[in-house]
Amino acid sequence: MVADVVSEPSLLSVLPEDLITRFPSLEMSEARRLLSIVHRTGSLPPHAPAGIRRDSFQRVRDAVPMHQLERVTRRPSALDPFIKYGFRTLDGLLVEAVRIPLEKPGRFVVCVSSQTGCALGCAFCATARLGTGRNLAAWEIVDQVRQVRDDLPTDGRVHGVVFQGMGEPLANVSAVVQAIRVMTDPSLQAIDGRAITVSSAGLIKPLPVLLQALPRTRIGISIGHADPIKRRALMPVEVANPLHNVLAIVAQHAKTTRIATMLSYTLLREINDHESDADAFLALVDAYVQQAGMAPRISLIAYNPIGPSDPFVPSEPEQAERFRERLASHGIPVVRRYSGGADVGAACGQLGLESVMDPTHVKSSEHEASC
Ligand code: SF4
């Protein structure tokens, strides 16, 4: 019963044109106004608002439900201005999102989850330890952004969204595409599509679906290791989805759209941070540049602890800098991404950590309600 409710459309996941198709008597201006109220307030008013005919309003209200996630935690980091949010789904699962401050005051990026766990098993990721979860519905993805936006300071604004939370977004590509359409609709969340990044471990089959549906969205690929054998040990997805082939697809997309792919590399001490590892990565980057006719963006990420029996430690800062310099010396723009909120499990690779530490975290009680 709950599963049906989760997967059915919600007013938070429909576009104005979807409503018009379903309710032909509704005018576009009414559909936009109605959905804009839903996104602004998180609910439907009890009576038809001004500008929407009462019978049209009633028809939509009776036919399309309005679901919301329940916000159960709000954990500001003591180290930096990152905030992690925990949301409970209608079927009692936990998903997490992170509010990331940008340098420009009042601007934020929301890191969202697309699944409640992940089947891909990347060795450096807390979500992987939860195992296969379920796909989030489009409204469950949209609502993370909406609720984080509602918690911004008065003059704050959501500048962008990154799909780097729990789950592999390409394993849930149709909901992710619909969620992004809603987020970028000017009458709904009005986020610039170029400020949305979908980060993937690299699934070959659904990748073209996303790129064709949303050509302006930036794609990010997690590298792990450039050597296929070593990558398989870190990222089993390599077995059926060779990175070389994944990068050929995204390079072709970059060539057409002139939107550079983001290549993310989590630095693991003694595992993938030697200069020979940097050289292997450079060879991949060279192949990408040849095909795309432009450089990718490279983001080096410090490893963050993922719970008990953690197999990895972060690279020494000097070694991380040597790695960065080796890439940069070849003229490749490289940033060492600051990944904040590690003290509250909000940093890269850590989402889902609380459920790993305490599997009863969400379903059991109200103990966690700190917001
Ligand atoms: S890094 Fe992403 S794809 Fe890999 S296990 Fe974690 S959530 Fe899944």
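His274 is located in the loop that connects β8 to α10, helices (H or I, at least four residues) and strands (E, at least two) being DSSP runs numbered from the N terminus. The model is predicted, so that local features need pLDDT of at least 70 and side-chain atom pairs count only at pLDDT 80 or more, while totals for chains, interfaces and linings use all residues. Residues are numbered from 1 along each chain as its sequence is written, and side-chain values use heavy atoms, with hydrogens and water left out.

With a relative accessible area of 34%, His274 is partly exposed (buried means under 20%, exposed over 50%, partly exposed in between; 1.4 Å probe, protein chains only). Contacts of His274, not counting residues up to four places away in sequence, are made with Gln319 and Phe323 (heavy atoms within 4.5 Å). The C-alpha atoms of His274 and Arg322 are 8.7 Å apart, at a separation of 48 residues along the chain.

The open sheet has ten strands, ordered β1-β2-β3-β4-β5-β6-β7-β8-β9-β10, with mixed pairing; two strands pair if DSSP finds at least two bridges between them. β1 (70-76) and β10 (334-337) are the edge strands, each pairing on one side only. From one strand to the next, the twist averages 25° (axes are lines fitted to C-alpha atoms, for helices over the stretch in contact, and angles run from 0 to 180 degrees between N-to-C directions).

Six bridges join β8 (residues 262-267) and β9 (residues 297-302) in the parallel sense, and Ser264 has Ser299 in β9 as its bridge partner. Helix α10 (residues 275-292) packs on the sheet and touches β8 and β9, its direction making about 170° with that of β8. Helix α11 (residues 317-328) lies across β8, β9 and β10 and runs at about 155° to β10.
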